[in-house]
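Morning, everyone. Please bring up the model on your screens, and we will walk through it together.

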Amino acid sequence: MRTKVAIIGAGPAGLLLGRLLDKAGIETVILERRSQDYVLGRIRAGVLEQGTVELLDKAGVSERLHADGLIHDGVELCFDGDKHRFNFHELIGRTVTVYGQTEVTRDLMQARDASGAKTIYEAENVSLHDFDSDKPKVRYLKDGVEHELACDFIAGCDGYHGVARASVPAGSIRKFERVYPFGWLGILVDRPPVAEELIYAHHERGFALCSMRSPTRSRYYVQVPADEQVQEWSDDRFWDELRRRVDEETADNLVTGPSIEKSIAPLRSFVAEPLRFGRLFLAGDAAHIVPPTGAKGLNLAASDVGALAEAFIAFYAERSSAGIDGYSARVLSRIWKAERFSWWMTSILHTFPDTDAFSRRIQRAEFDYLRSSEAAARSLAENYTGLPM
Ligand code: APR
Ligand code: PHB
């Protein structure tokens, strides 16, 4: 079997890259380790920057997003019960769209299935070969039978634990990492959200976030220690903890109900450099991880593959390798801006095991500065709603 671009991973990065290339007439095959239902069962974040929405428009997969997505003009930050609204639209004329990553994935899968482009789910033992030559190959097992896919390029869109980054010789790649000593316990519930916009709350007991998926479905998180077990958290315990960490008005207005999903996600910052190794390119979570506090994970994945698609399109249209040569440096500059913002949001909003009285005052001072300085608020707005390339 042969294709132009072999894409490893059918998460949002792989599917969006496949879609952008498909629209440009460049053939791709996606190899995904899991089943389609498994991929669609993962609950992830749900805040889209305007640039991400525009890319999904370009990919022709935004009809449901425009019908069901919720446009938010701003967010609220709450510090020990003091709440302040940051109106991004008023500050800088930009908004964000709340629409679940699971739905983005579903829309991309539907478009790919309809176009006839090939996706091989439950592809086992995927391995990458000869990407340092101009004849790269990918091998995999499907239903116990070994297959080989010859291609021009390999796109590693297989997430943090994928095989693509792991296939690069150790001496050719540098990794930058910070693991945070806590995770987020999240629940999904079929009840209306507590407020119209997201509320990010800092409290002595830890961070909390009130988010949503739709006018009838909410998503809430509380910070928990890194080694916490989800079985330790009944719904009642979760709601009690959440109420203690937010302001009184929010606590009073919470509409609780039985959780339909409950899980703990660890928090990590990670960047690999570079992101191109001969004919292998890394994009999305395979290339970098951000803690979810800045809501950047999906948006970064989208901007990576937007740039990668442009590079491949230029290669096939003009036989120009300028785009593929420049890919790594181009996306890394935006990645590090998102890393900085996500790290900063995480630092001011969480409690750390070693947070002493001084650090708490500094966190408080950051919040007061954001509240009182229009320049600081504009910077928050610019970073949250989108970052330049
Ligand atoms: N072979 C084939 N597929 C693999 C392999 C492998 N060895 N390893 C992982 N995969 C698949 C996973 O099953 C998953 O479906 O690659 C896909 C990677 O998808 P994601 O983890 O969703 O990563 P990405 O597409 O980069 O999306 C980034 O996801 O985690 C969030 O915050 C993150 O929003 C961001 C987005
Ligand atoms: C979510 O709705 O899951 C969500 C929203 C904003 C974040 C992180 C997660 O920063």
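Which side chain does the side chain of N299 join through a polar contact of 2.6 Å? The partner is T52. Keep in mind throughout that this is a predicted model.

Let's stay with N299. This residue lies in helix α9. Is N299 buried or exposed? The cut-off for buried is under 20% relative accessible area. N299 has 1% relative accessibility, so it counts as buried.

Now its neighbours. Setting aside residues up to four places away in sequence, N299 touches V47, L48, E49, T52 and R334. One more distance for N299. L387 is 88 residues away along the chain, yet the two C-alpha atoms are separated by 9.5 Å.

Next, helix α1. Find residues 12-23. That is 12 residues, spanning 16 Å from the first C-alpha to the last. The span is close to the expected 16 Å, at 1.5 Å a residue.

How many residues of α1 are buried? The count is 10 of 12, so the helix is mostly covered. Among the buried ones are P12, A13 and G14. The leucines L15, L16, L17, L20 and L21 are buried as well. G18 and R19 complete that set.

What do those buried residues pack against? Several elements, some strands and some helices. The strands are β1 (5-8), β2 (28-31) and β12 (153-156). The helices are α3 (50-58), α6 (101-115) and α9 (297-318). You know α9 already: N299 sits there. Just past the end of α1, look at G25. Its phi is positive, about 80 degrees.

On to the ligands. Ligand 1 comes first.

How many residues surround ligand 1? There are 24, and the closest are E32, R42, R44, Q101 and D285. Take E32. One of its polar side-chain atoms lies 2.6 Å from an oxygen atom of the ligand. D285 also contacts a ligand oxygen, through an N or O atom of its side chain, at 2.7 Å. R33 works from the backbone instead. A polar backbone atom of R33 is 3.1 Å from a nitrogen atom of ligand 1. How much of the ligand does the protein cover? On its own, ligand 1 has 710 Å² of accessible area, and the protein covers 89% of that.

Both helices we have discussed come back here. α1 and α9 each supply at least two residues of the shell around ligand 1. The largest share, 3 residues, comes from α9. By class, this shell has 10 nonpolar, 7 polar and 7 charged residues.

Now ligand 2. It has 14 residues around it. Which come nearest? Y200, S211, R213, Y221 and P292. A polar side-chain atom of Y200 lies 2.7 Å from an oxygen atom of ligand 2. S211 brings a side-chain N or O atom to 2.5 Å from a ligand oxygen. T293 contributes a polar backbone atom, 3.4 Å from an oxygen of the ligand. Taken alone, ligand 2 exposes 280 Å², and the protein buries 99% of it.

Which elements give two or more residues to this shell? They are β15 (208-214) and β16 (217-225). The largest share, 3 residues, is from β15. The classes here are 9 nonpolar, 3 polar and 2 charged.

Most residues other than glycine have a negative phi, and most peptide bonds are trans. Now for some exceptions.

D80 has a positive phi, near 45 degrees. Its place is the loop between β5 (74-79) and β6 (82-87). At 35% relative accessibility, D80 counts as partly exposed.

D143 also has a positive phi, near 50 degrees. Look for it in the loop between β10 (137-142) and β11 (145-150). D143 has 66% relative accessibility, so it counts as exposed.

And where is the cis peptide bond? It joins E273 and P274, with omega about -10 degrees. P274 is in the loop between β17 (259-273) and β18 (276-277).

Key:
Residues are numbered from 1 along each chain as its sequence is written. Chains are lettered from A and ligands numbered from 1 in the order in which they are written. This is a predicted model: local features need pLDDT of at least 70, side-chain atom pairs count only at pLDDT 80 or more; totals for chains, interfaces and linings use all residues. Side-chain values use heavy atoms; hydrogens and water are left out. Helices (H or I, at least four residues) and strands (E, at least two) are DSSP runs, numbered from the N terminus. The expected span of a helix is 1.5 Å times one less than its number of residues. Buried means under 20% relative accessible area, exposed over 50%, partly exposed in between (1.4 Å probe, protein chains only). Contact means heavy atoms within 4.5 Å. A residue is near a molecule or strand if one of its heavy atoms lies within 4 Å of it. A polar contact is a pair of N or O atoms within 3.5 Å; within protein, one must be able to donate a hydrogen and the other to accept it, and residues adjacent in sequence count only if both atoms are side-chain atoms. Accessible areas come from the Shrake-Rupley method with a 1.4 Å probe; for residues, only the protein chains shown count as cover. Ala, Val, Leu, Ile, Met, Phe, Trp, Tyr, Cys and Pro count as nonpolar, Asp, Glu, Lys and Arg as charged, and the others, Gly among them, as polar.
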